[in-house]
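Dear colleague,

I am passing on the structure below, together with notes on a few of its features. Please read the notes alongside the coordinates.

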Amino acid sequence: MKDTVQYDVAVVGGGPAGFAAALSVARSGLSVTLLAPPPARTDNRTAALFTASVRLLENLGAWEACHATAEPLRAIRIVDDTGSLLRAPEVLFSAAEIGLETFGYNVPNLSLVEAMRARSAAAETLTVIKTASVRELEIGASQVNLKLAECRQVAARLVIGADGRNSLSRQAAGIAAQTWTYDQSALTCTFTHQRSHDGVSTEFHRAGGPLTVVPAPGCSSNLVWVERPAVSRRLAQLDDTAFRDALETRLQGLLGPVEEVSARRLFPLSGLKADAAGQNRVALVGEAAHVLPPIGAQGLNLGLRDAAILADCIGDALKQGRDFGGPETLTAYTHARSLDIATRAWSIDVLNRCLISGFLPIQIIRGLGLHALKAIGPLRRLAIREGLSPSFVTPRLMLADGDSSAHPS
Ligand SMILES: Cc1cc2nc3c(=O)[nH]c(=O)nc-3n(C[C@H](O)[C@H](O)[C@H](O)COP(=O)(O)OP(=O)(O)OC[C@H]3O[C@@H](n4cnc5c(N)ncnc54)[C@H](O)[C@@H]3O)c2cc1C
């Protein structure tokens, strides 16, 4: 084994949550390393990122580079296409209704990671070790040794586990997780169309799950089509012409004729919630801590809040002269994340199960809920605000000025 390189913080995983956590924490002046194997080039997902997430990226200096591939989201429309006896009305949530120009932007995951990777090169206290896959974590009382491939080793006083749903960091820290699966898969692709989307993201609520079209630059949109796995597999295997026809039928003329369709990918739906966000010198961010079905665009927005709040907890520990990787800091982080993660995981799960339930009383309750959202302005505006970002969480890096006085860049 070669010499061990010592850092204050080691981030495991170079997905969007890992980069956001590394950049956020590096602002405190701590030495940070990001162990980041290159992302799968086949990831065709995009993320609808709400205003607070965009503000975080602005404050981290990564937004400008994302902007070229991002498309503003001005409204979200929900269309009931469940075929239920009680058809719910169409509901439009508009950013203008709460005094905003946009809810946020739709950004390709790969562009987002590239923008943060480029920004990392300029961050003095951050070292990105490319192609560094962590094989083992040895957790001691005051530090963690991380064994990498190629016989290299890194040590840190705090590990940030951003290593996705099968997180090795989570397992090494002994953090248990509840996991569950859905009998559904999401099919993703990008397609061009003749009619403008006008910045409106449309969710068709269907019996197999939601079919969502999210605005992308020009006359193009990103598709997230949730269905029963057998149906998704069949759709993925169709030739382009047959797939275009199937999509056009489902869109009911919304975007006019569908033109070019990109390669399709399938994501089986599942859920995960870690019992704690941090313990034993490991703090979890992103899908290492929580996995939600792609409904309501919550997953990565939640993961970016993890990163920003962890930076706050570490900043507070440093100010108070506490161990930034110690139990007090990790307990504070777990407390700060528990309500946000629990309420999002619960509400998305309930929403999804209500949608696919064939049980009439549940369909009636869902329909009444949409009627109420359409008819009652204050309720709709409350739902919009809470959907964008919970009112009880305001990390410093998601504020307009990024609390730049507290975090030197
Ligand atoms: C179809 C779909 C649509 C979605 N749409 C939205 C949306 O509109 N808005 C939204 O907010 N969210 C959305 N999400 C959720 C969002 O995509 C995820 O939350 C996000 O990609 C997770 O990022 P992450 O960094 O936590 O994990 P990942 O992207 O999985 O990154 C984990 C990284 O860790 C690395 N890694 C793993 N093990 C190791 C190891 N041992 N050593 C080193 N590195 C390791 C992996 O290589 C990977 O790069 C969507 C999800 C799906 C499936």
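An open sheet is formed by 3 strands in the order β3-β7-β4, with antiparallel pairing, where strands are DSSP runs of E of at least two residues and helices are runs of H or I of at least four residues, both numbered from the N terminus, and where two strands pair if DSSP finds at least two bridges between them. The edge strands are β3 and β4, each of which pairs on one side only, and the twist from one strand to the next averages 30°. Helix α4 (residues 109-122) packs on this sheet and touches β3 and β7, its direction making about 90° with that of β7; contact here means heavy atoms within 4.5 Å, while axes are lines fitted to C-alpha atoms, for helices over the stretch in contact, with angles running from 0 to 180 degrees between N-to-C directions.

This is a predicted model, in which local features need pLDDT of at least 70 and side-chain atom pairs count only at pLDDT 80 or more, whereas totals for chains, interfaces and linings use all residues. Residues are numbered from 1 along each chain as its sequence is written, and side-chain values use heavy atoms, with hydrogens and water left out.

Strand β3 (residues 46-50) is joined to β7 by 5 bridges, with F50 opposite G104 in β7, and strand β4 (residues 71-73) pairs with β7 over 3 bridges, with L73 also standing opposite G104. Of the 5 residues of β7 (residues 104-108), 4 are buried, so this strand is largely enclosed by the rest of the structure; buried means under 20% relative accessible area, with a 1.4 Å probe and protein chains only.

A search of the whole structure finds 2 aromatic pairs. One of them, W225 with F243, is tilted, at 6.1 Å centre to centre and 45° between the planes; rings of Phe, Tyr and Trp (its six-membered ring) pair if their centres lie within 6.5 Å, and planes under 30 degrees apart count as stacked, over 60 as edge-to-face and the rest as tilted. Both W225 and F243 are buried.

Best regards

Conventions. Buried means under 20% relative accessible area, exposed over 50%, partly exposed in between (1.4 Å probe, protein chains only).
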